[in-house]
Structures are given as C-alpha cells and as structure tokens.
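Let's walk through this structure together, starting with strands and moving on to aromatic rings. Please have a look at the sequence and the model first.

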Amino acid sequence: MKHLLVFLLAVLCIALAQAQVTLTATLNHNDTITIYKGTTALSEALNTAEDGDAIYLSPGVFSDCTIAKRVSIIGAGMGDPNDDSTDANGRTVFSYLRINVDSEESTLILEGLKGSITFDNNSNLENINITKCYLKSADYYGQDSGNITFLNCYLETLGIHNGANFFNCYVYSNDGTGDQCTNFFRNCIVRGAYFVGWTFSNCILEYYYQIYNHSNNAYLTLINCLLYGSFNLDTCTSENIVQISDLEALYKEDSFYELTDEAAALYLGDDGTQIGIYGGDSPWDIEPSNPQISKVTVPLKPDVNGILPIQVEIKK
C-alpha cells in the first residue's frame, strides 16, 4: 500500500507539472518524493539520486548532462516517430546525454526520451535497457562487449558497433564499420550502409550498400529476413532469406512501417509471428509508462465547503 501511495503521489506531481507547463524531474528515492524544476532539473535530480532510484520527467526540453548512476529515467515519450524535430510537443527532449556508469549491480533504464546518447569508452556496458526512445544518434566506439538492450526504439543514426541487442527497433542509418562487431537484431527494420559480423533474425533490411567481412571472419548472419536492395549473399551466413523489389507494397499506407495483412501472413519469423517491428514478443509500442494528462477540469468557483475541486484525468 505504501508503494502505491508513493506512486500515486509521483503521478500527481507529474500531472500538476504538465498542467502548468513546468519542466520537472520527480525523484523517487526510497519512497521519498523530491521535485526539481527548470531546464537543469534532471542534472539536479541525478546529483541527489542513488543507484536504483527512479526519476520521472515532464515534457519539455532539458539541459544536457552526464549519467553516472544506475537509475531509471522515465520521460513523457518519444512522440510521433515521423517527427524528427527537437521541439518538445509533449515529449521529453534533450540534445545530448553522456553515459558513464561503472558497477553493474543495478540496471540503468532510459525510457520515453528523445535526443542523442554517447557511451564513454570506459563505461560498464552491462545491464543497460533503453526503451521507447527516439535517438538522434547512439554512439559507442570502444571494443568491450556488453549487454545494452534497445527495445521499441527509433534510431536515426547508430554508431554502436558491438555489445548491443536490438528488439523491435527501427534503425534509419548506421555506421557498422570496425574489426569486432557483435550486435544482434531481432524483429527490426534496418536501413544503412555498413555491417560487420552482425546477426539479424526476423528483420527487414533496406537500402543496403556494402557488407564488410574482415579477416577475423566476422561474417554477417541473416536468418528469416526480408531484403530490399543489393546483397551479396555469398559473403553471408543466411537461412530462409527473401529478396523483394517493391518496398512500398510491403507496408500499409499512413502507418509506421506496419506490414499489409497479406505481407504479415506471408513473411513469418521463426516464432510464427510476422517479421519486422510488429512481430515477436514485443511488438512496436511507444506509449510511455510515465502518466500523461488527458483532461484537466477546473470549475469556475469553489463548492459549498470552499474547496475548488480540480479534476485531472490521467492516461497511460
């Protein structure tokens, strides 16, 4: 019951902040709620937070900062993935987040954010989950592999070569060059130029230009994938591959890369669901878990007891 009351208090704080169009970061530390305001609210909350804490962010544009603690940072959502602007528009936006965490005792969670992230080369890459984020860029140029998981994310530019797993993500472009590349993609749509040693399962790959296979035999692996563009399958390990020539006929009109009913029934992954971002265990879903206001009702005058009963409807 105590945890429920704390959560409801956090919901109320977020709701009031949204109603007043105020930038806030609501920190939950051991069921104690602290609210920070302004563009530096996230930085201030991080300075106070400890590993395992949760920080809930209102919509708005926050200042850049460094994340050096394993906390949960939950934003208001990425918004329309077709909108590549950096305006708030009901979203939680930042220009740049630098991630430099050491221990792996807790999980670092980022959800419902829009901006660019960079992992320091000496950062510990274990137990990092990034969900429902629109990332203008995501970069890591170190050689250590790790356990970074991206789920239901839109990545405009991917500069992470190894140590990452992608599930039901859309990747617009990438730079996969390097000698040791071990990324894994499942139920993703990936456009781009360079891939080395990556594994794709139940994916749709578009606009391929070159496949590199280095002397370390880091061959590309394609399983149950749909390919559009120019591919040299002689340089790949492949199984159950279909190459198509008409990409537009693959998707429903006015949808975010949702397969037509015919394509969804025809192109199946190894689990029996459709390939692409709407198949698998975690179909494309970008609705934020951070509570959002759907309606605010403010009466013109108090009731007979002198109380002004403001009603705030919350949706998730």
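**Strands and rings**

Tyr96 stands opposite Ser116 in strand S9. This is a predicted model, in which local features need pLDDT of at least 70 and side-chain atom pairs count only at pLDDT 80 or more, while totals for chains, interfaces and linings use all residues. Residues are numbered from 1 along each chain as its sequence is written, and side-chain values use heavy atoms, with hydrogens and water left out.

S9 covers residues 114-119 and runs parallel to S7, with five bridges joining the two. Strands here are DSSP runs of E, at least two residues long, numbered from the N terminus, and two of them pair if DSSP finds at least two bridges between them. S7 (residues 92-99) also pairs in the parallel sense with S4 (residues 60-62), over three bridges; there, Val61 has Val93 as its bridge partner. Strand S5 (residues 65-67) pairs with S7 in the parallel sense too, over three bridges, and Cys65 is partnered by Leu97.

Now to the rings. The whole structure holds 14 aromatic pairs, counted for Phe, Tyr and Trp (its six-membered ring) when centres lie within 6.5 Å. Phe166 and Phe185 have ring centres 4.5 Å apart and planes at 5°, so this pair is stacked (planes under 30 degrees apart). Because Phe166 lies in strand S14 and Phe185 in strand S16, the pair ties together parts that are 19 residues apart in sequence. Both Phe166 and Phe185 are buried, meaning under 20% relative accessible area with a 1.4 Å probe, protein chains only.

Elsewhere, ring pairs link Tyr134, Tyr154, Tyr170, Tyr251, Phe256, Tyr257 and Trp284 into a cluster.

Key
Phe/Tyr/Trp six-rings, centres within 6.5 Å; stacked < 30°, edge-to-face > 60°. Helix = DSSP H or I, 4+ residues; strand = E, 2+ residues; numbered from the N terminus. Buried < 20%, exposed > 50% of the residue type's maximum accessible area, 1.4 Å probe, protein only.
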